Structures are given as structure tokens and as C-alpha cells.
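This report describes selected features of one model.

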Amino acid sequence: MKKACVIGYPIAHSRSPLIHNHWLKTYGIEGLYEKREVKPEDLRSFLSNLHQNGYVGCNVTIPHKQAAMAYVAEIDDSVRKTGSLNTIYTENNIFKATSTDGEGFYQNLISAIPGLNLAGKTAVILGAGGSARAIIERLLRADISNIHIINRTQARAQDLARLFGPKVIPGPTAQLPRLMATTQLLINTTSQGMKGQPELVINLADLPASAMVADLIYVPVKTNLIKLAEARGLTAVGGLGMLLHQAVVGFEKWFGVKPVVTDELYRLVARDIDPDFI
Ligand code: NDP
């Protein structure tokens, strides 16, 4: 039986087991996906003994996404550019790592807008943390023209511009209203709007009618930003779809089947987050 797991500290709230065990059942694969609480001081020994512990690979979450890089043999560009990993797997006997957040974000967009072409388009990203990095890296590979980074702490937005080059333009929050009319893709990567966090205060009135809005937050399943975008008739994608799509990469690497993100899975996880979700 093949086994994979997610490691983090704490780990109790991870929804990854729900997602991967659903796919294992759906595809009739004899396997198991577990949650493992790993303290920072135990990370080295856990990853060094991953195979001996019976795992073909693992997902890695807070606080190990950077530290785990020291214990893999090969990282790809997504890890190099984002400075963090979330998926470890073995290929040709080599211990490898990737970061699937950017791909998950992109595939979630494509699933909402099949045939989406980002060439010539301008995005605005709110936030300049780890998830913003992952998304910038993926959008640039998809040939997007410009990405404005609006962040509370200017220095972090400027760091991203230095890292990714001239298509990435940092700016203060006060600039947001002026950018709206030329924005085709607005993305919230801050924690604003998440349950227990301050609400994201934003006015979408000036976005073009063809604009897309994406929120990374998935608790609640439908954030205020997504509700505002839908009320304006804009295409809006929430964070839960990204969470499901980013899991596809690891599942395929570990279990050899590329799983499909279905409405059934979406509802299963949405109901776990919000029992009243219909
Ligand atoms: P980071 O901590 O790396 O970055 C958080 C960002 O949010 C920073 O830019 C920070 O600004 C900004 N921010 C936080 N609070 C506020 C506030 N009150 N006002 C203005 N800006 C604020 O987090 P991540 O990038 O890793 O994750 C961000 C969010 O995305 C999280 O809520 C996470 O759950 C979600 N996420 C969802 C995923 C999915 O699959 N759907 C995947 C990954 C993340 P500053 O720099 O000024 O501190």
C-alpha cells in the first residue's frame, strides 16, 4: 500500500487528507494519506526517514516550507523562485521538491475560463507574501504583461519587483483606485477576509466588465470579495478551487494517476469548512 502524508506544526486543521483520500477512493487505489504533526526540531529526522516510515512522499506546510529545502536533493524553478516548497516526491530514486501553489492558482483560473490567454493583460496582486510569489512566478510563465503588487509593507513589494524583473511593479495601497480601470485580473493574496481576520475593504466599481477577480482565502468558502465581484457580474474564483487544484500535482507524483477536481470534491471540502454550504 502506498502512503503519503502532510507534515506541519500544528497540522490538525489541514484539509489535505480529505482531498487525497477522496481521490484514492475514487480511483480505487490502495493507498492512504495521513496527517503527521512534526515539530521543527524533528523535521530533519522525519524527512531523512520518510521512505523508512513507509511514505512515498509528503506535503509540507507551515512552519516547514523553507526549512525542508535543506533535506531534498533537487528543487525545481517553482521552489527556487518562491523560496519555499510544499510537495516532496521521489523520481528516479532522487528526492525532489516542488511548490504547487502557483500551478494550483493557474489551473483554477483556467477551469473557470477555459482557453484563458493572459498575454497582453495586467494583473493587480494585493499582498506580497509567499503565495504572491508563487502566483507571480506562474503568471509570468503564462506570458502576462504586467503585475502590480500592492502591499501594506512597501519593502516586500519592492523585493518582489527586484526578484521578478520589470513586469512586476510595486505600489502603495493608495494607488489601487487608479489601477482599477486597467486591471484585467485582481487577486487577493493577503489574509484579509479570512475568518477571524480584518475584512478586505475594496471598491470594485471601476474594474472593466471583463475583469476576473480571484481570492486565495477559502475560509469562508465565499469571501466578501467574491460576493462583491459576483454582484458586479465579474468572473470570480475563490481559494478553495486553488487548494484542490494545487493538490493534483502531488497526488499524480505519488500515486501515478492525475486526479480530476470535481464538483463533488469541491462540495465535500466546502461542507467540511462550512457545514451549511449547499
Ligand atoms: P504571508 O504571511 O506570506 O503574506 C501575507 C500577506 O498579507 C502580506 O503581504 C501581508 O502584508 C498581507 N496582510 C496580512 N494582513 C494584512 C492586513 N490586515 N492588511 C493588509 N495586508 C495584510 O501569507 P501567504 O502569502 O502564505 O498566504 C496569504 C493567504 O493566502 C493566507 O490567508 C492563506 O491561507 C492563503 N493561501 C491560500 C492558498 C489556497 O490554496 N487557496 C494557498 C496559499 C495561501 P505585509 O507584508 O504588510 O505584512
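In which hand, left or right, does α1 pass α10? The crossing of α1 with α10 is right-handed, a term used when the near helix is turned clockwise from the far one by less than a right angle. This is a predicted model, in which local features need pLDDT of at least 70, side-chain atom pairs count only at pLDDT 80 or more, and totals for chains, interfaces and linings use all residues. Residues are numbered from 1 along each chain as its sequence is written, and side-chain values use heavy atoms, with hydrogens and water left out.

**The helix pair**

Helix α1 covers residues 16-26 and helix α10 residues 263-273; helices (H or I, at least four residues) and strands (E, at least two) are DSSP runs numbered from the N terminus. The two helices pack at about 145°, and their axes are 10 Å apart. Axes are lines fitted to C-alpha atoms over the stretch in contact, with angles from 0 to 180 degrees between N-to-C directions. On the α1 side, the contact (heavy atoms within 4.5 Å) is made by Leu18, Ile19, His22 and Trp23. From α10 come Glu264, Leu265, Leu268, Val269 and Asp272. By class, six of these residues are nonpolar, one is polar and two are charged. Ala, Val, Leu, Ile, Met, Phe, Trp, Tyr, Cys and Pro count as nonpolar, Asp, Glu, Lys and Arg as charged, and the others, Gly among them, as polar.

**The ligand site**

There are 22 residues around the ligand, each with a heavy atom within 4 Å of it. Ala128, Ser131, Asn151, Thr153 and Arg156 come nearest. The shell divides into eight nonpolar, 11 polar and three charged residues. Helix α9 gives the most to this shell, with three residues. The table gives polar contacts, pairs of N or O atoms within 3.5 Å.

| Residue | Part of residue | Distance to a ligand oxygen atom |
|---|---|---|
| Ser131 | side chain | 2.6 Å |
| Asn151 | side chain | 2.8 Å |
| Leu243 | backbone | 3.4 Å |

Taken alone, the ligand exposes 930 Å², of which the protein buries 76%; these areas come from the Shrake-Rupley method with a 1.4 Å probe.

**Backbone details**

The peptide bond from Ile62 to Pro63 is cis, with omega near 10°. Pro63 sits in the loop between β3 and β4. Val219 and Pro220 are also joined by a cis peptide bond, with omega about 5°, and Pro220 lies in the loop between β11 and α8. Asn92, in the loop between β5 and β6, has a positive phi near 50° although the residue is not glycine.

Methods:
A polar contact is a pair of N or O atoms within 3.5 Å; within protein, one must be able to donate a hydrogen and the other to accept it, and residues adjacent in sequence count only if both atoms are side-chain atoms.
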